[in-house]
Amino acid sequence: MIDISWKQSLQNAIKNTSKNLMQFDEVLSYSPAYYISSYECPICYNSVLYKMRVRGANTVFKGQTYSLFNLFTCPECKVIYASITETNLNNFTNLPLSSFALLSEKYSTIREYKNVLDYTVRFQQG
Ligand SMILES: [Zn+2]
């Protein structure tokens, strides 16, 4: 169970960046487990999102349990995003972050932000 305080869900809100990915660091300095993705942060539009695979770890948002697929983070905004796996009977669909995302609260200090990144690393899968 990934214990992150989710603030809201976002539908069809996250797009691919039009920026050159070469201008971003390949590895997030706060946590090497996260690597660069092609998604742009929909809050600041100034950073790409960094990604880590979690594959099936559960989390709770508004009393409902979600099966997570990937975690993402924006180091400018100090927030965490998550993409989910939707289960329908025996069908599993990995929804892209662009169609559905959970968004965490904003962590107010670097220390708090780094703590939550360190915490998430134990759920890394592959
Ligand atoms: Zn951002």
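This is a predicted model: local features need pLDDT of at least 70, side-chain atom pairs count only at pLDDT 80 or more; totals for chains, interfaces and linings use all residues.
Q: Is strand β5 buried or exposed, taken as a whole?
A: Strand β5 covers residues 64-74, and nine of its eleven residues are buried, so the strand is largely enclosed by the rest of the structure.

Q: Which way does β3 run against β5, and how many bridges join them?
A: Strand β3, residues 48-53, runs antiparallel to β5, with four bridges joining the two. Lys-51 stands opposite Phe-72 of β5.

Q: What about β4 and β5, how many residues sit between them?
A: Two residues separate them in a hairpin, and Lys-62 in the turn has a positive phi of about 50°. The pairing of β4 (residues 58-61) with β5 is antiparallel, over four bridges. Thr-59 has Tyr-66 in β5 as its bridge partner.

Q: And how many bridges between β5 and β6?
A: Seven, again in the antiparallel sense, with β6 spanning residues 79-88. Thr-73 has Ile-80 of β6 as its bridge partner. This hairpin has four residues between the strands, and Lys-78 in the turn has a positive phi of about 55°.

Q: Switching to the metal: which residues coordinate the zinc ion?
A: Cys-41, Cys-44, Cys-74 and Cys-77, each through SG, at 2.3 to 2.4 Å. Cys-44 lies in the loop between β2 and β3 and Cys-74 in strand β5, so this pair ties together parts that are 30 residues apart in sequence.

Q: What is the arrangement of the donors?
A: Tetrahedral, because the four donor atoms subtend angles of 107 to 113° around the zinc ion.

Q: Where does Cys-74 stand, buried or exposed?
A: Cys-74 counts as buried, at 0% relative accessibility. Cys-44 is partly exposed at 26%.

How values were computed. Residues are numbered from 1 along each chain as its sequence is written. Side-chain values use heavy atoms; hydrogens and water are left out. Buried means under 20% relative accessible area, exposed over 50%, partly exposed in between (1.4 Å probe, protein chains only). Two strands pair if DSSP finds at least two bridges between them. Donors are N, O and S atoms within 2.8 Å of the metal (3.2 Å for Na, K and Ca); water is not among the atoms, so sites may look incomplete. Four donors count as tetrahedral if all angles lie between 85 and 135 degrees; four count as square planar and six as octahedral if opposite donors are over 155 degrees apart and all others between 65 and 115; anything else is irregular.
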